[in-house]
Amino acid sequence: MLELIGVSPQMLFGQLMLGLINGAFYAVLSLGLAVIFGLLNVINFTHGAQYMMGAFVAYILLVVFGVPYWGALVLAPVIVGAVGIVIERTMLRRLYHLDHLYGLLLTFGLALIIEGLFRARYGVSGQPYPNPLPGGTNLGFMFLPTYRGWVVVASLVVCFGTWLVIERTKLGSYLRAATERPDLVQAFGINVPLMITLTYGFGVALAGFAGVLAAPIYQVSPLMGANLIIVVFAVVVIGGMGSILGAIVTGYALGIVEGLTKVFYPEASNTVIFVVMAIVLLLKPAGLFGTAK
Amino acid sequence: MMKRTLLAGLSAVALAAASGAAAQTEVTIGVLNDQSGLYSDLTGQGSVWAARKAIEDFDPAAHGLEVELVFADHQNKPDVGSSVARQWYDVDGVDMIVDVPTSSVALAVNELTRERNKVFLSSGAATSDLTGKACSPNTVHWTYDTWSLANGTGKAIVETGGESWFFITADYAFGHALERDTSAVVEANGGEVVGTVRHPFPGSDFSSFLLQAQASGAEIIGLANAGGDTVNTVKQAAEFGIVQSGQSLAALLMFLTDVHALGLDVAQGLIFTEAWYWDLNDANRAFAEEFAAANNGQHPTMVHAGVYSAVTHYLKAIAEVGSAEDGAAVVAAMKEMPTNDRLFGEGEIRQDGRKIHDMYLFEVKAPEESQGPWDYYTLRATIPAAEAFRPLAEGECPLVN
């Protein structure tokens, strides 16, 4: 059956697996964006730069302080998240009462500044980051590097954990309530501004986490975020702006769609996601998992 | 995506003495390249420095010249490159554009330069079409081209037994030209091409293409891409155990900065062709030392050295002709004079605009062989100038009769 379309089953399964791995990055990144948009109504264009910072912090921790990968996996998101919190407290906070566009412009500007600073200091060719889990397993249809397998597991755990906290815990219910009626939630004695700050910090930390995951696979380069961020925005739009579950499911699904495109028509592999986005917006303007308000 | 500010700056380099009464010949040189993207380490500000250095070393005032230098970012996009070049030629009085990596942009600048009768000296671009179908009386292709890379690396690998090839190709003019020229060399030497896959430019995840290359069963996986794309492909090939499972990588275009970014652990053993390496002789080492002092310790690539060499020869020709006005006349003078400078030594420019010099086949050192950062290459073979570039008759250049 599969031979009819000119692709061997090995090839197809291999590409599905790779799609899943790339989808793992899309899912973690779009999850962070969805959390921030869903709870703060801010379109965080700095997300790509924060992902890049995660990778660079891991690299600097290793080279300057000798902190290995597993330490960086915890420390780097905390550091990047803390930078995010400073940005929220000092700048973003002042824009909440204005149109979305102002938040977008601010975060876009910040992304350019951060990337420019890293480019001036490190150049664009990127820094090598050693693979903490070398080797791999032969699955029969492909050779799966251990590290890539770990990326999928780590991403699934983080995505599911985040969804669980927001949709199924009391803390999550406060957060969701605060986005609907901040005044009312405040009246019940909950510190809403603090909650918003921490939410932004958490969303940014997710970007940093994805950056650490990416460091051993891609070159740690100032351009790595800019290459990815537009795709991730498309993922969020397809999933439905602000929908947590939508961001996760769409992230994995589009990774797979992209992976298949790389087999059948590789030249189109970087545009296929936008084609999907256009179709989804035509048929279901609120996105696959979004609800029209 | 991000429209970065275009015109970066205007730096008057030699506002010249003008002590005598004789009118100075004014020349404006524009360095047009990638200032922010994946090729900016191997071209970028390093090329601007090299052009400035060439002007200083030439001592324009002593030759009755007044030289100004400008530079801009073409973002690897032909439309951006064309509009900068048009602005430079039509409004800002630029006489010569130098460098221009990214073949698609170089081909656009090549056409525009011919229309405006200016001069284009390409150091960063690769496509051999610049001296083939698209050759122009206003263009000189200086440092290397896809034919010379294919001829150097492709031949060496087929001769040592790598007969079946699969290409991973960047999907634009450069990748296509490099794949075409290498396929020709492989087939001419008795090898065969079993498949090819074209990836969007620039890319980031190459694992899918590597898996296709693996499935093809080819002995050699030829990488017809460059800069950050090559770096990521090589890195991910190591991760997927491509080399351990018996296939070899042929990085057809590799620069010193790419090897630096990969680290010797991953890059060791790669074989490729270059036109220039800083540690080949004393003159190169002296240049590299000055370059490194001005560029955060980075060492010059062959593209940087090519810019220095090209600007030097251009200024000699201007001094000879006495005016930068007629681009075709300046290039004709450049072709008549033999080239000679401290980085490329003696050479010549052919009728089709091809600058001729030796090329070198290098192998990347193992970590224990290297003395430290930037000590990366062992010389495997020197390809003599007469054999290094495509024979004049085979290029289909209309200028050759």
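Visitor: Where is B:N138 found in chain B?

Guide: B:N138 lies in the loop between β5 (119-122) and β6 (139-141) of chain B. Helices (H or I, at least four residues) and strands (E, at least two) are DSSP runs, numbered from the N terminus. This is a predicted model, in which local features need pLDDT of at least 70 and side-chain atom pairs count only at pLDDT 80 or more, while totals for chains, interfaces and linings use all residues. Residues are numbered from 1 along each chain as its sequence is written, and chains are lettered from A and ligands numbered from 1 in the order in which they are written.

Visitor: Does B:N138 count as buried or exposed?

Guide: A residue is buried if 20 or more other C-beta atoms lie within 10 Å of its own, exposed if 12 or fewer, and partly exposed in between, with C-beta atoms placed from the backbone. B:N138 counts as buried because 26 C-beta neighbours are inside 10 Å.

Visitor: Which residues is B:N138 in contact with, leaving aside neighbours within four places in sequence?

Guide: Two residues are in contact if their C-beta atoms, placed from the backbone, lie within 7 Å. For B:N138 the partners include B:T113, B:R114, B:F120 and B:V331. By C-alpha atoms, B:Q268 is 40 Å from B:N138 in space and 130 residues away in sequence.

Visitor: How is chain B divided into domains?

Guide: Domain bounds come from an automatic or database domain assignment. Chain B has domain 1 (7-144 + 281-357) and domain 2 (147-274 + 359-388), with C-alpha centres 28 Å apart. Their contact takes 19 residues from domain 1 of chain B and 20 residues from domain 2 of chain B. On the domain 1 side, helix α3 (residues 103-116) of chain B supplies the largest share, three residues.

Visitor: How many residues of chain B are in contact with chain A?

Guide: The size of an interface is often given as the accessible area lost when the parts come together. Here we count residues: 35 of chain B are in contact with 32 of chain A. On the chain B side, β8 (192-199), α6 (207-216), α7 (227-239) and α8 (256-262) each supply at least two residues, and α7(B) gives the most, with six.

Visitor: Which residues touch the most other members of the largest nonpolar core?

Guide: A nonpolar core is a set of buried Ala, Val, Leu, Ile, Met, Phe, Trp, Tyr and Cys residues joined through C-beta atoms within 7 Å. In the largest core, of 225 residues, they are A:V28, B:A51 and B:V311. Helix α1 (residues 9-40) of chain A gives the most to this core, with 18 residues. Not counting residues up to four places away in sequence, B:A51 touches B:I29, B:V31, B:L69, B:V98, B:V307 and B:V311.

Visitor: What is the order of strands in the open sheet of chain B?

Guide: Strands of a sheet pair through backbone hydrogen bonds, either parallel or antiparallel. Two strands pair if DSSP finds at least two bridges between them. The three strands run in the order β12-β13-β14 (chain B), with antiparallel pairing. At the edges are β12 (339-341) and β14 (355-356) of chain B, each pairing on one side only. Three bridges join β12(B) to strand β13 (residues 345-349) of chain B, and the bridge partner of B:T339 in β13(B) is B:G347.

Visitor: How many helices and strands does chain A have?

Guide: Chain A has 11 helices and two strands. Of its 293 residues, 51% count as buried.
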